[in-house]
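User: I would like a close look at one part of this protein. Please keep it brisk.

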Amino acid sequence: MTHESEAQDTSASVHSDFVHQSVLATEVLAGLAPKPHGYYLDATVGGGGHSRLILETDPTIRLMAVDQDPNALNAARQNLEEFEERVTFWHGNFSEFSSSELVFDGILADLGVSSPQLDRPERGFSFRLQGALDMRMNPTQELTAADLVNHGSERELADIFYHYGEERLSRRIARRIVERRPFQTTTALADVIAASVPGKYRHGRIHPATRVFQALRIAVNRELDVLERLIEVAPNWLVSGGKLAIISFHSLEDRRVKHGMRGHEHLKVLTKKPIIASDEELRRNPRARSAKLRLAERS
């Protein structure tokens, strides 16, 4: 969800605490192909960039905007205010949303952490900025990264790092964390992770805390579980011919999207390979380099 759009003047939205730019904006619009009188679900509305583009395609389009981050939802309310009754807002995780009817002509889910979440130290997502070990997408939930780090067993932590971060030194890192805990801040944890790995690994292409922080974030927010739930139930909310568009940001997500779409009885896959950001978009927004868009259609 770290984004910059193809059309920066229309897809960027600004809020006092939340600045959001939508990745793969042109590709999402082409895939969803919004139609007059259509009804669309943005399951991770963020600051409302994608939603704005969808709504602007036709004045008869309506949209349901969902997000579990209240800061994001407030930003979306402000950004989409001009569309008035055409937009309905719902606060919560998309896995908890339900619809008893086949009502949507298109559903979009843009996964991952947004730039505003990464860039605010108090959210605890970034190991480069000192802040509390939080990592909750929804700040009303109880479990935090600090709870996992300071109370999980060495084996539990190693499993989290290995399965959710694909960290090959998971056991070594988990052992050092258990030895040095408790931890209160992101930077303190990152420093111990860096000190627990060999020098060659420490000075590699990515920071040695990258995979561990990804793993903790996924575990705290149950990201893979809720993604699988979305792929299972979302097709049941689509009208015949309705489109499902999902943007993922790492291989664990993309793998589940790929197989989930292929294995669903009501979906026809439209993208044999994922759609990625253009060179032009990458020049403007390097954070879009890992974004992958997959599309499917309700049969």
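Predicted model: local features only at pLDDT ≥ 70, side-chain atom pairs only at ≥ 80, totals over all residues.

Which residues of the largest nonpolar core touch the most other members?

The largest nonpolar core has 32 residues. Those that touch the most other members are Phe 161, Ile 173, Ile 177, Leu 189, Ile 193, Phe 213 and Leu 216. Helix 6, helix 7 (154-165), helix 8 (170-180), helix 9 (186-195) and helix 11 each supply at least two residues. Helix 11 gives the most, with 6 residues. In soluble globular proteins, nonpolar side chains tend to be buried together.

Stay with Phe 213. Its relative accessible area is 3%, and because buried means under 20%, Phe 213 counts as buried. Its ring pairs with that of Phe 127. The two centres are 5.4 Å apart and the planes stand at 75°, so this pair is edge-to-face. Phe 213 belongs to helix 11 (residues 210-221), while Phe 127 sits in the loop between helix 5 (115-118) and helix 6 (145-151). The two are 86 residues apart, and the pair links distant parts of the chain. Phe 127 is buried too, with a relative accessible area of 13%.

The largest pocket has a volume of about 1100 Å³. Its lining counts 28 residues. Of these, Thr 210, Gln 214, Arg 217, Arg 289 and Ser 290 lie nearest the pocket centre. The largest share of the lining, 5 residues, comes from helix 11. By type, the lining divides into 9 nonpolar, 10 polar and 9 charged residues.

Next, the second largest pocket. About 160 Å³ of space lies in it. Its lining includes Val 220 and Asn 221, and helix 11 spans residues 210-221. Arg 222 and Val 226 are also among the lining residues. Others come from elsewhere in the numbering, including Gln 68, Gly 92, Asn 93, Glu 96, Asn 138 and Leu 143. This lining divides into 3 nonpolar, 7 polar and 2 charged residues.

Now the loops between the core helices. Two residues of interest lie between helix 7 and helix 8: Glu 166 and Arg 168. Glu 166 has phi near 50°, a positive value in a residue other than glycine. At 41% relative accessibility, Glu 166 counts as partly exposed. Arg 168, at 62%, counts as exposed. The C-alpha atom of Arg 168 is separated by 9.6 Å from that of Arg 211, although the two are 43 residues apart along the chain.

The loop between helix 8 and helix 9 holds Pro 182. The peptide bond from Arg 181 to Pro 182 is cis, with omega near 15°.

Away from this core, look at the aromatic residues. The structure holds 5 aromatic pairs. One of them joins Tyr 39 and Phe 104, with 4.7 Å centre to centre and 40° between the planes; this pair is tilted. Tyr 39 lies in strand 3 (residues 39-42) and Phe 104 in strand 6 (residues 104-110), so the pair ties together parts that are 65 residues apart in sequence. Both Tyr 39 and Phe 104 are buried. They also belong to one aromatic cluster, together with Trp 90, Phe 97 and Trp 237. The charged end of Arg 62 sits over the Tyr 39 ring, 4.2 Å from its centre.

Ala 33 lies in the loop between helix 2 (25-32) and strand 3. Its phi is near 45°, again positive in a residue other than glycine. At 41% relative accessibility, Ala 33 counts as partly exposed.

Last, helix 3 (residues 49-56). Here 7 of the 8 residues are buried, so helix 3 is largely enclosed by the rest of the structure. The buried ones are Gly 49, His 50, Ser 51, Arg 52, Leu 53, Ile 54 and Leu 55.

Methods. Residues numbered from 1 in each chain as written. Heavy atoms only, no water. Phe/Tyr/Trp six-rings, centres within 6.5 Å; stacked < 30°, edge-to-face > 60°. Helix = DSSP H or I, 4+ residues; strand = E, 2+ residues; numbered from the N terminus. Buried < 20%, exposed > 50% of the residue type's maximum accessible area, 1.4 Å probe, protein only. Lys NZ or Arg CZ within 6 Å of the ring centre and 35° of its normal. 1 Å grid on protein atoms, 1.4 Å probe; cavity = no way out; pocket = protein on both sides within 12 Å on 5 of 7 lines; lining within 4 Å. Points joined across faces, edges and corners; volume = space filled by probe spheres on them. Nonpolar A, V, L, I, M, F, W, Y, C, P; charged D, E, K, R; others polar. Core = buried A, V, L, I, M, F, W, Y, C linked by side-chain atoms within 4.5 Å.
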